[in-house]
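Here is a short briefing to read alongside the model. Take a look at the structure first, and then we can go through a few of its features together.

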Amino acid sequence: MIQPRPRRGLVAALALTLSAAGLAVVSTGGAAVASGHFDSAPSVQIGWTDSATPSTPYGWTEGVNMPLGTSTDGTGGSHTSRVYATFDLTQFQDAKIYGGTVFIQESSAADCTKRAIEIWRTEPVGETPSWNRAPQEIAKLDEILTIQSCPGATLSFDVGAAVQDAVEHDRRRVTFEIRVPQPYEGDPAYGRRLNWYKSVGLTVEHNAAPTIDSGLMFNGGFPCSHAQPYRVLGGFARRLEAVGTDSDERDQYRLKTEFAVWPADDPAARTVVSQDQVQSGRVGSVSLPTGTLVDGKSYVWQARVSDGRETSDWSETCFFTYDGKAPSAPTISSENYPSDGTFAPVGVPGVFTFSARGDQDIVGFEYSWADLGVPVCSSGGHVGQTVCTDPFAATNTVRADVPGGSATVTLNPVNGFEQRLTVRAIDLAGNVSAEARYTTRVPWSAPNVRVESGTPQWGQEVRFTFTPVSGMVGVREYEIALDGGQPVTRQAEPDGTAHFSFVADNPVGHRLSVRSRSDNGFVSQSAGWSVFFDPWPGVASDVYFYPPDGHAVGGVGIEGTFTFSPPPGWTDTVAYRYNFGGAPEPTEVPAGADGRATVEWTPSSSGWVDLTVQAVRADGSVSESNWYYFEVAASS
């Protein structure tokens, strides 16, 4: 009986053979590595050869078990067969290979007490070869000489070294030859057949090493600086972020990002902090433990990423200087906007000076007529990173003339009467001081708005006149926004007057805001105007209406004219239904081409009268009712 050889001997023999063939040797010795991912390699060809028909290749055929070794046919003819299988390794080209296993399953055996099968690596082929054109053998990879269950045993062969070598040398295909060892290949007792359904399969254990992107590293809400000079960072400097990637789908949410940080003058004082379960292509982030950073010191940091099997190299280094201390509060002063309770001049911008009082840490100021709020950073970056904006990118900031110096701004208050200006100092790291406040009294400056066209009606032109408030001079133009749309301007006349009009085409109504601009740069507060249109027909009368003084109108026997107009938005009004004083049935009157109708009515008694009116569309639908009240005067 043939005794099995240990696998270690096969590995050593393989190494020698591969070296002799001019291929790199992949060592399997040393410390064990963590298991990787297992995937099947696609087959390129599977088939067998037959010595009895040396020029004919036999490809895998459904339902036909593949012969291996020697067998005899019904006429006593001898057939010796070897099985060839080629696999595509393209999907593993960027991966590290930990192992490879070829699987076959026997379907029958001539003698279950005898088994000897070898697997060899050969030069790769693209289609099943014939006996006479068999590919050159490179190295024997494994053998099975043991008697397992028979028939029906599933057999596996270690081909990891061959797969490793092929991938490392960028060879997209690997071909294996399965045969009976030469001493027994002619003996029919060792012949068998391989199951056609199980065929020949290759499973590869692999893993793609993750990488760290030195171009996607962030520090305190800003891209990290890979070179000096050091960027000065404030409170958010403790937040370090870096992007690692891994091409393995099964590792997309299981990366671990490590961060190492140390003082620039003491590389040995290295602190390492990590985050687990990081998504590939998104930032891993940590907040350094409190006390890691010291005010005024410069630091260096870098990152790397691991998938639990492989770990990337450390990234390039980033640099920053830490400043976690807030600057002192500034002072505020103004020559023309007093803080003693007296009013500032109307129509004149305020001139304010902010001073750092010599605090060299202060490089600018932030100001607002409202609350300044809390400085915040968001996690809305394109790879999930924290994003902090340059504090001086905001429009309500100004830089000091020199560190520790001052800045002067010209401001228009947004409202009138008592106003409070809030100011904070900003240091080089973006830290802000406590708030300083300045209270002043501002006269009302919004323009006067006068409607020149009477009570606004839907579908009619509405005309306005704008004039400046008393005491304001030099008004150049007016900025007008209708219904929240883009503002338009109207030039002012020499006396500050301007005109504006529009057609009321919104059935609901309109709103308008207007403010003036003066030659000296002053922008007034905004004045507002609005109108709401009732969703029912209009009613107007020359005699019978509800007078402002509440007195009765007209009189018994005095005829009145009533004009009905369409509800806002109605363009197809064909008639009106109306009822005076609770008559049993409404009266219907047709509408004219303009959608209006006029009726005459003469009261027969004095007292209160209610008139109800509905508009009628062409399709017969009716509007809401207008309830119109008035009091008829008694006869004289």
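Is phenylalanine 562 buried or exposed? Phenylalanine 562 is buried, as its relative accessible area is 0% (buried means under 20% and exposed over 50%, with a 1.4 Å probe and protein chains only). This is a predicted model, where local features need pLDDT of at least 70, side-chain atom pairs count only at pLDDT 80 or more, and totals for chains, interfaces and linings use all residues. Residues are numbered from 1 along each chain as its sequence is written, and side-chain values use heavy atoms, leaving out hydrogens and water.

**Aromatic pairs**
- The structure holds 35 aromatic pairs (rings of Phe, Tyr and Trp, the latter by its six-membered ring, with centres within 6.5 Å; planes under 30 degrees apart count as stacked, over 60 as edge-to-face and the rest as tilted).
- Phenylalanine 500 and phenylalanine 502 make a tilted pair, with 6.3 Å centre to centre and 40° between the planes; both residues are buried.
- Tyrosine 544 and phenylalanine 562 are stacked, because their ring centres are 6.2 Å apart and their planes lie at 10°.
- Tyrosine 544 is also buried, with a relative accessible area of 0%.
- A cluster linked by ring pairs includes Tyr544, Phe562, Trp601 and Phe630.

**Charges over rings**
- Arginine 231 has its charged end over the ring of phenylalanine 222, 3.8 Å from the centre (the cut-offs are NZ of Lys or CZ of Arg within 6 Å of the ring centre and within 35 degrees of the ring normal).
- Arginine 399 lies over the face of phenylalanine 392, at 4.1 Å from the ring centre.
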